[in-house]
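Here is a walk through one protein chain, from the inside out. Keep the 3D view open and click along as you read.

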Amino acid sequence: MEPRELLEAARSASRSAYAPYSNFHVGAVIQLENGAVYVGCNIENASYGLSMCAERNAVAAMVTGAEERKIQSVAVASPDAAPCMPCGACRQVLREFGCKEVLVEDESGSRSFGFDEILPHSFGPETL
């Protein structure tokens, strides 16, 4: 999928978010190196620490359904904020699966960031 298609799919996923407490709806779409696509949205919980971000839900879908787990890119979108960047926990989880690119929207359109730009000097499986 092209970046604009990934961002549109992320916007679409954000409409499924369960966000009754923050009203902050987020969608994420992961595209693997082999072209497979996995979608997630955020799910809040009254016990805030149990809430799950859209990116980590997309990763869970990927892990459940894919043998190949090398993330080429993740697109993150929210009607409530632009750009909507992955939080620190999501960055680390995306790093675990070798994410190469993060796509977001801002007032000028879509933006692409190399993963090293948003999580420099990261810790990964090869560090162990």
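## The main core

The largest nonpolar core has 23 residues, and the members that touch the most others are I30, M62, I71, V74 and L94. A nonpolar core here is a set of buried Ala, Val, Leu, Ile, Met, Phe, Trp, Tyr and Cys residues joined through side-chain atoms within 4.5 Å. Buried means under 20% relative accessible area, exposed means over 50%, and partly exposed is in between (1.4 Å probe, protein chains only). Two or more residues each come from β1 (27-32), α2 (54-65), β3 (71-77), β4 (101-106) and α4 (115-118). The largest share, four residues, is from α2. Helices (H or I, at least four residues) and strands (E, at least two) are DSSP runs, numbered from the N terminus.

Before going on, some ground rules: this is a predicted model, where local features need pLDDT of at least 70 and side-chain atom pairs count only at pLDDT 80 or more, while totals for chains, interfaces and linings use all residues. Residues are numbered from 1 along each chain as its sequence is written, and side-chain values use heavy atoms, with hydrogens and water left out.

Which residues does I30 contact, leaving aside its neighbours within four places in sequence? They are A36, V37, Y38, E55, A58, V59, I71, S73, V74 and L94. Contact means heavy atoms within 4.5 Å. There is also a second, separate core of seven residues, with L6, V29, A75 and A77 among them. In soluble globular proteins, nonpolar side chains tend to be buried together.

Q31 sits in strand β1. Its relative accessible area is 10%, so Q31 is buried. Skipping neighbours within four places in sequence, Q31 touches M1, L6, A36, V37, I71, Q72 and S73.

## The sheet

Five strands make an open sheet in the order β2-β1-β3-β4-β5, with mixed pairing. Two strands pair if DSSP finds at least two bridges between them. β2 and β5 are the edge strands, each pairing on one side only. On average, neighbouring strands are turned by 20° against each other, direction ignored. Axes are lines fitted to C-alpha atoms, for helices over the stretch in contact, and angles run from 0 to 180 degrees between N-to-C directions.

One thing to look for is L103, whose bridge partner in β5 is S112. Helix α1 packs on the sheet, touching β1, β2, β3, β4 and β5, and its direction makes about 50° with that of β3.

## The helices

α1 covers residues 3-14, 12 residues in all, and its first and last C-alpha atoms are 17 Å apart, close to the 16 Å expected at 1.5 Å a residue. That expected span is 1.5 Å times one less than the number of residues. L6, L7, A10, A13 and S14 are the buried residues of α1. They are on the same side of α1 because they cover an arc of only 115° around the axis. The arc is that of the directions from the helix axis to the C-beta atoms.

In α2, the buried residues are A54, E55, N57, A58, V59 and M62, and they pack against β1, β2, β3 and α3. Over in α3 (residues 88-96), C90, R91, L94 and R95 are buried. These fall within an arc of 140° seen down the axis of α3, so they line one face of the helix. Their packing partners are β1, α2, β3 and α4.

Where does P83 lie? P83 is in the loop between β3 and α3, and the peptide bond from A82 to P83 is cis, with omega near 0°. A82 is 25 residues from E107 in sequence, yet their C-alpha atoms are 7.1 Å apart. E107 is in the loop between β4 and β5 and, at 75% relative accessibility, counts as exposed.

Just after α3, G98 takes a positive phi of about 70°. N23, in the loop between α1 and β1, has a phi near 55°, positive in a residue other than glycine. H121 also has a positive phi, near 55°, and is in the segment after α4. With 82% relative accessibility, H121 counts as exposed.
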